[in-house]
Amino acid sequence: MSPTYLSHGQWEVGRDEIIEYARRLAAPGVPTELHPYPGAFHVFEVKAPAAQVGQASPEAQVPALRRALTSRVRPGHAVHGAPPAGRPPKPLTTRGSLRLTDRQLT
């Protein structure tokens, strides 16, 4: 099973679908990384690249890609993302191999 990286902004039109997709991937043990970005909107990395949130997303994507390409992840094990700039994420819950951080939006 290939590790999966997903991210979404708070105001992303498909936010709920992205979260559900991550949960569905994690249920059978697909290593899934979900990065929510409060206050962000669709394509925020492109529209606001100089903003802190616009920089945080690519900063999390590159290490995730590097981990996926250089490590072998065993099924059922979580792939943990790099913490956002400023502070490490606090785990709220783990379901299967899905790790949700304190940035998760409800």
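Here is a short chat about reading folds, cores and charges in a predicted model.

Me: Before I start, what should I know about the model and its numbering?
Reply: It's predicted, so to speak of local features we need pLDDT of at least 70, and side-chain atom pairs count only at pLDDT 80 or more, while totals for chains, interfaces and linings use all residues. Residues are numbered from 1 along each chain as its sequence is written, and side-chain values use heavy atoms, with hydrogens and water left out.

Me: How many helices and strands does the chain have, and what pattern do they follow?
Reply: Helices (H or I, at least four residues) and strands (E, at least two) are DSSP runs, numbered from the N terminus. Here you get 3 helices and 4 strands, in the order β-α-β-α-α-β-β.

Me: How do E1 and E2 pair?
Reply: Two strands pair if DSSP finds at least two bridges between them. E1 and E2 (residues 32-37) are parallel, with 6 bridges, and Tyr5 sits opposite Glu33 in E2. Together with H1, they build a right-handed β-α-β unit; right-handed means that, with the strands pointing away from the viewer, the path from the first strand over the helix to the second runs clockwise.

Me: Which residues make up the largest nonpolar core?
Reply: In soluble globular proteins, nonpolar side chains tend to be buried together. A core is a set of buried Ala, Val, Leu, Ile, Met, Phe, Trp, Tyr and Cys residues joined through side-chain atoms within 4.5 Å; buried means under 20% relative accessible area, exposed over 50%, partly exposed in between (1.4 Å probe, protein chains only). The largest one has 7 residues: Leu6, Ile18, Ile19, Ala22, Leu25, Val30 and Leu34. H1 supplies the largest share, 4 residues.

Me: Where are the salt bridges?
Reply: Side chains of opposite charge can pair when their charged atoms come close. The cut-off is a side-chain nitrogen of Lys or Arg within 4 Å of a carboxyl oxygen of Asp or Glu. There are 2 in this structure. Arg67 and Glu33 have their closest N and O atoms 2.9 Å apart, and this pair ties helix H3 (residues 52-70) to strand E2, 34 residues apart. Glu33 counts as buried because its relative accessibility is 4%. The other pair is Arg15 with Asp16, at 3.0 Å.

Me: What about Glu12: which side chain of opposite charge is nearest?
Reply: Lys and Arg count as positive and Asp and Glu as negative; His and the chain ends are not counted. For Glu12 it's Arg15, 9.2 Å away, and Glu12 is buried with no salt bridge. Glu12 lies in the loop between E1 (4-9) and H1 (15-26).
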